[in-house]
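Me: Hi! I'd like to go through this protein chain with you, bit by bit. Could you take a look with me?

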Amino acid sequence: MTVSATSSASTATTTTSSSSTSSSSTLTSSDFLSLLVSELQNQDPLNATSTTDFINQLTSYANFSQQQSINTNLSSLASSFSSLVTLNSVNYIGHTVEAKTSTSTLSNGSATFGYSLSSAASNVSISIQDSSGNTVWSGTGTGNAGSNTFTWDGQNSSGTQLANGGQYTITVNATDSAGNSVLNYTTVTGTVTGIDTSTSTPSLTVNGVSVSAANIIGVTS
């Protein structure tokens, strides 16, 4: 009897292993119940699975199943949230917005930037770089606590008017009387003319520059 029981268990184990190998790696409720029944049918009568082990197996699968359900729900929620963000971003088209960024396109001979200071600055130096990183202009700006505006006339340090359409980046260095930086961030203001939803975070086209929708801090019109 002992030899027969061992042989049966071995055969069942081999069959189960073979079946598991050829099937999907995902454990379904049906798979779990089949394994559980096979375990009960082929366990050693002289060394049966304890009630504690049996309950632990049920609990483990219940937790696994619950986790799968949570993951599925989170994926669905993330997809819905992404669609909502995209829909909200479309509403920006045609509106004038202020966004946290430092690059703008030279248009009609000028480009306007903004910068925020956490407190009044004793020294504010500003430089403008072209798309290649070369500094084309440098000077000073206002140092009021809060929002400040700087409009560049599109001329380089030699007084030559640069062509419209180029993208330029502002760099602001603002310090207080102790030499500590008080710069929060730089901004640009412009009309949203397009939207790019090819990434997880939609990007808006502002003054010809791609800006993350998450960086929009205000709508002025």
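This is a predicted model: local features need pLDDT of at least 70, side-chain atom pairs count only at pLDDT 80 or more; totals for chains, interfaces and linings use all residues.

Me: Where is the place of N108?
Reply: N108 is in the loop between β2 (103-105) and β3 (111-117). Helices (H or I, at least four residues) and strands (E, at least two) are DSSP runs, numbered from the N terminus. Residues are numbered from 1 along each chain as its sequence is written, and side-chain values use heavy atoms, with hydrogens and water left out.

Me: Thanks! What is the phi of N108?
Reply: N108 has a positive phi of about 55 degrees, although N108 is not a glycine. For background, most residues other than glycine have a negative phi.

Me: And is N108 buried or exposed?
Reply: N108 counts as exposed, at 72% relative accessibility. The cut-offs are under 20% relative accessible area for buried, over 50% for exposed, and partly exposed in between, with a 1.4 Å probe and protein chains only.

Me: OK, zooming out. How many helices and strands are in the chain?
Reply: The chain has three helices and 11 strands. From the N terminus on, the elements run α-α-α-β-β-β-β-β-β-β-β-β-β-β.

Me: How much of the chain is buried?
Reply: Buried residues make up 26% of the 221 residues.

Me: Which strands form the open sheet?
Reply: Four strands do, in the order β2-β7-β4-β5, and the pairing is antiparallel. Two strands pair if DSSP finds at least two bridges between them. At the edges stand β2 and β5 (135-140), each with a single partner strand, so one side of each has no neighbour in the sheet.

Me: How many bridges join β4 and β7?
Reply: Strand β4 (residues 123-129) pairs with β7 over seven bridges, in the antiparallel sense. S125 stands opposite N173 in β7.

Me: New topic: rings! How many aromatic pairs are there?
Reply: The count comes to two aromatic pairs. The rule is that rings of Phe, Tyr and Trp (its six-membered ring) pair if their centres lie within 6.5 Å; planes under 30 degrees apart count as stacked, over 60 as edge-to-face and the rest as tilted. W152 and Y168 form an edge-to-face pair, 4.9 Å centre to centre with 65 degrees between the planes.

Me: Which parts does that pair tie together?
Reply: W152 lies in strand β6 (residues 146-152) and Y168 in strand β7 (residues 167-175), so the pair ties together parts 16 residues apart in sequence. W152 is buried, with a relative accessible area of 1%, and Y168 is buried too, at 9%.

Me: What sits over the ring of Y185?
Reply: That's the charged end of K100, 4.6 Å from the ring centre. A charge sits over a ring if NZ of Lys or CZ of Arg is within 6 Å of the ring centre and within 35 degrees of the ring normal.

Me: Last one: what do β9 and β10 form?
Reply: β9 and β10 form a hairpin with two residues between them, and N207 in the turn has a positive phi of about 55 degrees. N207 counts as partly exposed, at 25% relative accessibility. The two strands pair in the antiparallel sense over four bridges, and T205 has S210 in β10 as its bridge partner.

Me: Which residues are on the covered face of β10?
Reply: V209 and V211 are on the covered face, while S210 and S212 are on the uncovered one. In a regular strand the side chains alternate between the two faces of the sheet.
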